[in-house]
Amino acid sequence: MAIIFDEQNQLFHLQSRETSYVIGLVKGAYPAHVYWGKRVRGSQLGRLLELKERCSFSPSTEADDFKISLDTLPQEYPAFGNSDFRYPAYQVQLADGTTVTDLRYDSHRIVQGKPALEGLPSVYVEGEDEAQTLEITLADSYSGLRVVLSYTVFESYNAITRSARVINGGENTLQLLRALSMSLDLPNDHYDMLQLSGAWARERYIHRRHLEPGLQSVESRRGASSHAQNPFIALLSEGATEDHGDVYGVNLVYSGSFVGGVEVDQYHAARLFIGINPFDFNWRLEPGEQFQTPEAVLVHSSEGLGGMSRSFHDLYRSRLCRGSFRDESRPILINNWEATYFNFTADKIEDIAKVGKELGMELFVLDDGWFGQRNSDNSSLGDWFVDKNKLPGGLEELVARIRKLDMQFGLWFEPEMVSPNSELYRAHPDWCLHVEGRRRTEARNQLILDLSRADVRDYIVKTISDVLASAPITYVKWDMNRNMSEIGSALLPAERQRETAHRYMLGLYDVLERITSAFPHILFESCSGGGGRFDPGMLYYMPQTWTSDNTDAVSRLKIQYGTSLVYPISSMGSHVSDIPNHQVGRNTPLETRGNVALSGNFGYELDLTKFTDEEKETVKDQIALYKEVRHLVQFGDFYRLSSPFEGNIAAWMFVSKDKSEAFAVYTSVLQEPNPPLSRFVLKGLDPSRDYVWEENGETYGGDELLYAGLAAPQFHNDYASKVYRFRAAGV
């Protein structure tokens with residue numbers, strides 16, 4: 001059984017395959033965090049909850065027991081204002097204008113399986129035997145406020161999901177000012193905090209720092225999870241590395257503004273939390289109404305960052321991503337964006353596709369510029385009809401020409417946006433996010449459609465569906481190229497304007513659910529200026545994301561390495577592009593560009609018709625290799641070998657689940673003269689088996705590769721790379 005309730009000791013013990021999470025009821029009223037870590041039998045875990053009387057500045061909640069103060073109690077869903085002075089998980093304004101509440105344990109239930117979250121993406125189960133869910137109901141007798149804390153534990157994964165449902169069970173309207181998805185208090189601050197931060201074209205760089213007293217956090221106020229921050233943080237025990245030590249990771253299944261962080265209090269306890277950003281947030285709850293928070297995914301690893309990553313990868317690949325492409329190999333594509341930008345014809349597209357087919361590619365993707373009067377980024381978003389000047393035969397004729405080459409066809413959209421210079425905007429200027437009387441700030445010459453409105457959502461679903469139904473399209477790149485400003489809706493009353501951003505996200509999820517369900521044969525890829533919305537919320541609807549608009553192979557070493565901390569390789573789009581690179585101007589060898597891009601959903605983004613014969617042969621070899629290792633890259637276990645954030649080398653590898661095959665990539669950025677000799681060790685192999693290095697046919701013991709390693713390659717040029725393939729002897 002995954003969840004055990006010890007009634008005598010008032011303890012809830014949640015157990016996954018390798019993890020325990022324990023909650024205690026103090027005085028039968030206050031859910032307190034007892035333990036989260038490596039799995040334990042837990043016969044006397046209540047002893048871990050040490051209560052101690054502090055000074056009068058941490059006031060006692062119970063008149064007869066001065067050891068119980070909410071200011072020091074390690075809580076599961078804390079409030080502010082009733083003696084806890086730390087960062088709160090929720091805040092509600094009552095009808096009398098006050099914000100003091102007192103939630104206490106009311107009841108609980110344990111259910112088999114995992115209930116879905118209405119209107120929100122979440123991790124799921126395919127059978128009720130895969131998980132159990134604990135729901136703890138807390139109640140405030142004065143206001144009628146009730147909160148249901150939900151915990152799901154997956155027995156086959158080292159993961160627990162948490163969320164909260166806030167219910168107005170009283171007779172008066174409540175204002176929900178803050179509703180985080182999870183909060184828990186760890187007994188000390190002996191941790192480093194790791195975050196994934198950056199900017200457009202350098203997303204999800206790894207940053208690690210030691211916890212200090214006070215608040216340290218990451219957040220987005222952009223209406224999207226953003227390029228700048230990712231809705232993920234991890235706490236690493238002192239000295240924890242890639243392969244050793246305790247790591248606690250939390251990731252929010254949400255695509256809008258968020259906050260996550262740690263507060264270290266005066267006694268050096270650490271409060272870990274994540275959820276919707278309370279900044280500029282307010283939700284009006286009428287009597288009987290409820291509010292569901294997004295889901296947080298919690299993963300503990302006693303095997304360092306690598307163990308944490310593989311737990312996230314396995315869970316997200318199989319129980320977050322959905323649809324037929326969850327388990328299918330993804331096609332090798334050619335995208336015309338950096339080849340032509342907006343300037344193309346049907347003949348030019350067909351010429352590129354012909355070369356792509358000759359080289360072994362499987363999918364052609366037509367990017368921006370095929371609709372309205374879209375000859376630059378200053379018009380036509382929202383006008384989803386074909387530009388007959390570029391495509392005189394229409395989309396159907398172009399798709400037929402590509403399909404005749406025995407290639408699939410994909411298409412770019414940016415459905416959430418509208419250009420002021422468009423037929424749609426001229427007909428419906430109130431359909432965008434805006435505040436009446438204020439300027440409408442443009443970014444990339446566009447505004448954001450108000451997806452909190454049903455009429456806008458219906459328009460998007462119909463127009464996009466009409467295009468997708470007009471031809472045999474098997475892939476969609478769904479882009480989103482700006483963040484929210486002037487966040488307001490023409491249809492919401494004044495008292496609900498601060499609900500707009502979250503209502504937008506609920507509206508987006510509704511649109512994605514309807515479109516992806518109507519076209520299950522289409523592979524959808526999310527994009528937001530590259531990786532500006534790379535989060536679990538989007539992966540629920542679209543199993544892969546364009547990792548970054550920066551296609552430079554050297555830049556991608558850090559971008560893909562950082563992304564891999566949380567997100568499976570099968571979720572990352574990775575392409576070979578032209579040189580000098582269009583983002584950084586770097587000249588990188590075609591071999592290295594290919595090797596780096598092989599570690600993702602592989603593709604090309606350049607003008608194939610300009611390839612020399614030698615370049616064509618190199619690309620043919622890259623594509624042939626990827627077809628042989630694609631199952632490893634997309635579905636194998638991923639191991640990071642050497643970090644580009646710590647030196648000149650980036651290396652990683654993929655190992656099949658049965659440990660019979662392995663594929664590794666080793667890249668050196670800058671060269672130095674007469675370098676020292678070095679070795680690098682592999683990971684994930686079976687030490688008791690022998691492996692054949694396919695390059696030279698020599699046999700190595702698995703233990704030799706794991707412990708002694710291989711001689712590192714010696715290069716004579718910058719930006720050099722090498723791939724390795726191993727197969728178990730006799731396989």
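# Strands, barrel and cores

Q: Which residue in β10 is the bridge partner of Tyr 90?

A: Tyr 90 has Ala 179 of β10 as its bridge partner. Two strands pair if DSSP finds at least two bridges between them. Strands (E, at least two residues) and helices (H or I, at least four) are DSSP runs, numbered from the N terminus.

Q: What am I looking at, and how are residues numbered?

A: This is a predicted model, where local features need pLDDT of at least 70, side-chain atom pairs count only at pLDDT 80 or more, and totals for chains, interfaces and linings use all residues. Numbering starts from 1 along each chain as its sequence is written, and side-chain values use heavy atoms, with hydrogens and water left out.

Q: Back to β10. What does it pair with over 6 bridges?

A: Strand β17 (residues 270–276), in the antiparallel sense. Leu 180 stands opposite Gly 275 there. Strand β18 (residues 283–285) also runs antiparallel to β10, joined by 3 bridges. In that pair, Gln 175 has Arg 284 as its partner.

Q: How many residues of β10 are buried?

A: 13 of the 13 residues in β10 (residues 174–186) are buried, so the strand is largely enclosed by the rest of the structure. Buried means under 20% relative accessible area, exposed over 50%, partly exposed in between (1.4 Å probe, protein chains only).

Q: And β15, how many there?

A: 7 of the 7 residues of β15 (residues 247–253) are buried, so it too is largely enclosed by the rest of the structure. Val 247, Gly 249, Asn 251 and Val 253 point one way. Tyr 248, Val 250 and Leu 252 point the other way.

Q: Which strands does β15 pair with?

A: Strand β14 (residues 229–237) pairs antiparallel with β15 over 5 bridges. Leu 235 stands opposite Tyr 248 in that pair. Strand β20 (residues 295–301) also pairs antiparallel with β15, over 7 bridges. Its Ser 301 is the bridge partner of Val 247.

Q: New topic. Thr 152, buried or exposed?

A: Thr 152 counts as buried because its relative accessibility is 2%. The residue lies in strand β8 (residues 145–154).

Q: What does its side chain bond up with?

A: The side chain of Thr 133, through a polar contact of 2.7 Å. A polar contact is a pair of N or O atoms within 3.5 Å; within protein, one must be able to donate a hydrogen and the other to accept it, and residues adjacent in sequence count only if both atoms are side-chain atoms. Beyond four places in sequence, Thr 152 also contacts others, including Gly 113, Lys 114 and Ile 160. Contact means heavy atoms within 4.5 Å.

Q: Which strands make the closed barrel?

A: It runs β21-β22-β23-β26-β27-β28-β29-β30, 8 strands with parallel pairing. The twist averages 30 degrees from one strand to the next. Axes are lines fitted to C-alpha atoms, for helices over the stretch in contact, and angles run from 0 to 180 degrees between N-to-C directions.

Q: Which residue in β27 partners Val 476?

A: Phe 524. The parallel pair of β26 (residues 475–478) and β27 (residues 523–526) has 4 bridges.

Q: Where does helix α4 pack?

A: α4 (residues 394–404) packs on the sheet, touching β22 (363–366) and β23 (408–413). Its direction makes about 140 degrees with that of β23. Helix α11 (residues 613–635) lies across β29 (572–577) and β30 (601–605), at about 150 degrees to β30.

Q: Which residues touch the most other members in the largest nonpolar core?

A: Met 361, Phe 364, Leu 366, Trp 370, Phe 409 and Leu 468, in a core of 183 residues. A nonpolar core is a set of buried Ala, Val, Leu, Ile, Met, Phe, Trp, Tyr and Cys residues joined through side-chain atoms within 4.5 Å. A second, separate core has 24 residues, among them Ile 649 and Tyr 666.

Q: Last one. Leu 710, buried or exposed?

A: Leu 710 is buried, at 4% relative accessible area. It sits in strand β37 (residues 710–711). Its contacts beyond four places in sequence include Phe 680, Tyr 700 and Phe 726.
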